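This briefing is meant for a reader meeting the structure for the first time. It begins with a single residue and its strand, then widens to the sheets and the whole chain.

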Amino acid sequence: KKLLESMALEIFIMDKFETEGVDKSRRFRIMEKRVREATLYKYFIATVRDQATFHETAIRVSYLFLDLNAYKNDPNGNTPSTKPENHEVAAKTAELLSKAKEIIQRLDNGESFEKLAGQFSEDSNKNNGGDLGYIVKKMMPAYFSDPAFSLEVGEYTKTPVMTPKGVYIIKLTDKADITEKNMDRIVEDESQKNKIKNFLTRQYISNYMDGLTNADDVAFLYKRGEIYNNTDVIFRVGAQAYTIADLEKAIENRSTRKDMESCLLYTSPSP
């Protein structure tokens with residue numbers, strides 16, 4: 001019902017535009033061009049996303065974090081938060097480094113990383129015993145991921161990791177090669193799994209688009225701001241030219257297929 005109502009409304013609007021001549025105005029052409037661009041882009045991204053593959057090393061890490069605190073608060077609440085002076089930052093940094101070294105010594109003596117993280121870590125991850133879960137390269141800032149990826153399973157950073165936010169002690173608890181096929185088996189947490197999948201898919205799409213634009217046999221003729229007709233060529237691959245009409249036909253075929261699948265799914269009886 002909702003689909004039919006939406007289709008009927010679109011037909012009504014287009015008929016009204018034609019009756020009043022709005023469809024011939026420059027403003028309408030500009031809006032039409034924007035919708036066309038958005039639709040083409042959505043179709044392209046959806047197509048590439050469907051074929052995304054990846055093969056990455058993922059690591060599971062735990063960490064203990066000591067916060068440097070970028071701002072200092074008035075204990076009486078009379079003045080707003082202010083940035084500490086340089087000498088205050090230096091003193092706080094020295095204090096955190098000393099504390100981190102003491103914790104690392106306790107780790108060297110055999111104490112549990114999870115227990116110490118729960119006791120000393122200064123962010124919400126302490127509730128998980130410091131467990132961050134799985135990450136892949138570039139998901140985290142380099143100051144965190146570089147030392148994390150340099151560890152072997154079971155190792156922790158023997159020296160405190162100083163960052164703009166504070167001091168970290170990082171432990172590597174697992175390492176695995178993940179693909180789009182084995183992701184579900186390795187990463188059990190759904191939220192974490194979706195973050196990694198989305199990150200790697202975006203990376204795949206970016207690399208795919210870079211490959212297209214830099215290919216020797218591809219020429220892009222698209223110019224932002226122009227209004228296109230169906231016969232206009234927007235890119236060429238070798239001797240084959242692709243027009244707006246070609247892409248819209250592909251969109252129509254894909255949309256029709258998806259709509260049919262949705263309708264069949266919606267109308268199929270429950271098992």
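**Lys171 and its strand**

Lys171 is part of strand S4, which covers residues 166-179. The model is a predicted one, and the points below start from this residue.

- Lys171 is buried, yet no salt bridge is found for it. The nearest side chain of opposite charge belongs to Glu114, 4.2 Å away.
- Neighbours within four places in sequence aside, the contacts of Lys171 include Arg60, Val61 and Ser62. Phe113 and Glu114 are also among them, as are Leu151, Gly154, Glu155 and Tyr156.
- How many of the 14 residues of S4 are buried? Ten are, so the strand is largely enclosed by the rest of the structure.

**The four-stranded sheet**

- S4 belongs to an open sheet of four strands in the order S2-S1-S4-S3, and the pairing is antiparallel. S2 and S3 are the edge strands, each of them pairing on one side only.
- Helix H7, residues 190-214, packs on this sheet and touches S1, S2 and S4. The direction of H7 makes about 20° with that of S2.
- Strand S1, residues 55-67, pairs with S4 in the antiparallel sense over 13 bridges.
- Within it, Val161 is bridged to Tyr168 of S4.
- S3 and S4 make a hairpin, with three residues between them.
- Helix H4, made of residues 113-120, lies across S1 and S4 and runs at about 50° to S1.

**The three-stranded sheet**

- A further open sheet has three strands in the order S5-S6-S7, again with antiparallel pairing. Strand S5 (218-220) and strand S7 (240-243) are at its edges with a single partner strand each, so one side of each has no neighbour in the sheet.
- On average, neighbouring strands of this sheet are turned by 20° against each other, direction ignored.
- Strand S6, residues 233-237, pairs with S7 over four bridges in the antiparallel sense. One of the partner pairs joins Val233 to Thr243 in S7.

**A loop residue with positive phi**

- Most residues other than glycine have a negative phi. Lys138 is not a glycine, but its phi is positive, at about 75°.
- Where is Lys138 placed? The residue sits in the loop between strand S2 (131-136) and helix H5 (142-149).
- Is Lys138 buried or exposed? Its relative accessibility is 67%, and the cut-off for exposed is over 50%, so Lys138 counts as exposed.

**The chain as a whole**

- The protein chain holds eight helices and seven strands.
- Of its 271 residues, 30% count as buried.
- The accessible surface of the chain comes to about 18300 Å², and carbon and sulfur atoms hold 52% of that area.
- Among contacts in the chain with a separation of 6 or more, 60% join residues 24 or more positions apart.

Definitions and conventions: Residues numbered from 1 in each chain as written. Predicted model: local features only at pLDDT ≥ 70, side-chain atom pairs only at ≥ 80, totals over all residues. Heavy atoms only, no water. Pairing = 2+ DSSP bridges. Helix = DSSP H or I, 4+ residues; strand = E, 2+ residues; numbered from the N terminus. Axes fitted to C-alpha atoms, helices over the stretch in contact; angles between N-to-C directions. Buried < 20%, exposed > 50% of the residue type's maximum accessible area, 1.4 Å probe, protein only. Lys, Arg positive; Asp, Glu negative; His and termini not counted. Salt bridge = Lys/Arg side-chain N within 4 Å of Asp/Glu carboxyl O. Contact = heavy atoms within 4.5 Å. Areas by Shrake-Rupley, 256 points an atom, 1.4 Å probe, with all protein chains shown as cover.
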